[in-house]
Amino acid sequence: MVKKDKIAIIFPGMGYHSDKPLLYYAKRLAREHGYELLEVSYVFNMRARDIMNNADAKKEAFLYAVGETQKQLSSVTFADHRDVLFIGKSIGTAVAAFYDRENGINAGHIVFTPVSETFTHLREESGIVFHGTADPWCETELVEAKCKELGLRLYEIDDANHSLETGDTLTDLQRMPGILEKVNEMMRGRE
């Protein structure tokens, strides 16, 4: 059987969709590197800020997103592709890692602003992680420890929040090329 080339799946966050900078430009880079693109979508009946400190609500959102992912990707035969790349943001990183592990896909991962649950499912040496040191969704110490334990390349963005932004537009714009260059390097390294 001849394998298809490459496929990248986008796993957005609750309020961070692929029209926002990190996922928008990661998608464009993936397309430039020859990836077929698919995007998982989910419509939550709650807001991210409403689940932040509520473990039950977080679990409910996660399980809902996993269910939607299973439905939407059920027709994809990942084994037919020589390269599978998962690009996730926030809760999407946890969903991507879970889906990968549960289905034995062995995808590469680009992890934009993980939540702590991401590291429960992420495989060793499976990709790169971008984390803002002012991200209230995941403690920097946890991210550093888990990335070291799992052999993941970690890129920290000083004083950046869960969108890898600081509140200063020009600073954020100046940092974006560096973030995207790391994404591009990873994709290039998979060719």
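This is a predicted model: local features need pLDDT of at least 70, side-chain atom pairs count only at pLDDT 80 or more; totals for chains, interfaces and linings use all residues.
Residues are numbered from 1 along each chain as its sequence is written, and side-chain values use heavy atoms, leaving out hydrogens and water.

**Stop 1: helix α4**

Select residues 91–103, which form helix α4. Helices here are DSSP runs of H or I with at least four residues, strands are runs of E with at least two, and both are numbered from the N terminus. Try the distance between the end C-alpha atoms of α4: they are 18 Å apart, in agreement with the 18 Å that 13 residues should span at 1.5 Å a residue. That expected span is 1.5 Å times one less than the number of residues.

Now colour by burial, where buried means under 20% relative accessible area, exposed over 50% and partly exposed in between, with a 1.4 Å probe and protein chains only. In α4, 10 of the 13 residues are buried, so the helix is largely enclosed by the rest of the structure. Among them are Ile-91, Phe-98 and Tyr-99. Step just past the helix to Gly-104, which takes a positive phi of about 60°.

**Stop 2: two cysteines**

Next, show Cys-138 and Cys-147. Cys-138 is buried at 2% relative accessible area, and Cys-147 is buried too, at 3%. Their sulfurs are 8.8 Å apart, too far for a bond. With a disulfide defined as a pair of cysteine sulfur atoms within 2.5 Å, the count is zero.

**Stop 3: salt bridges**

Nine salt bridges are found, each a side-chain nitrogen of Lys or Arg within 4 Å of a carboxyl oxygen of Asp or Glu.

Select Asp-5 and Arg-82, whose closest N and O atoms are 2.6 Å apart. This pair links strand β1 (residues 4–11) to strand β3 (residues 81–90), across 77 residues. Asp-5 is partly exposed at 40%, as is Arg-82 at 46%.

Then pick Arg-190 and Asp-83, a salt bridge with 2.4 Å between the closest N and O atoms. Arg-190 lies in the segment after α7 and Asp-83 in β3, so the pair ties together parts 107 residues apart in sequence. Arg-190 is partly exposed at 26%, whereas Asp-83 is buried at 5%.

Finish with Glu-181 and Arg-188, which meet in a salt bridge at 3.5 Å, N to O.
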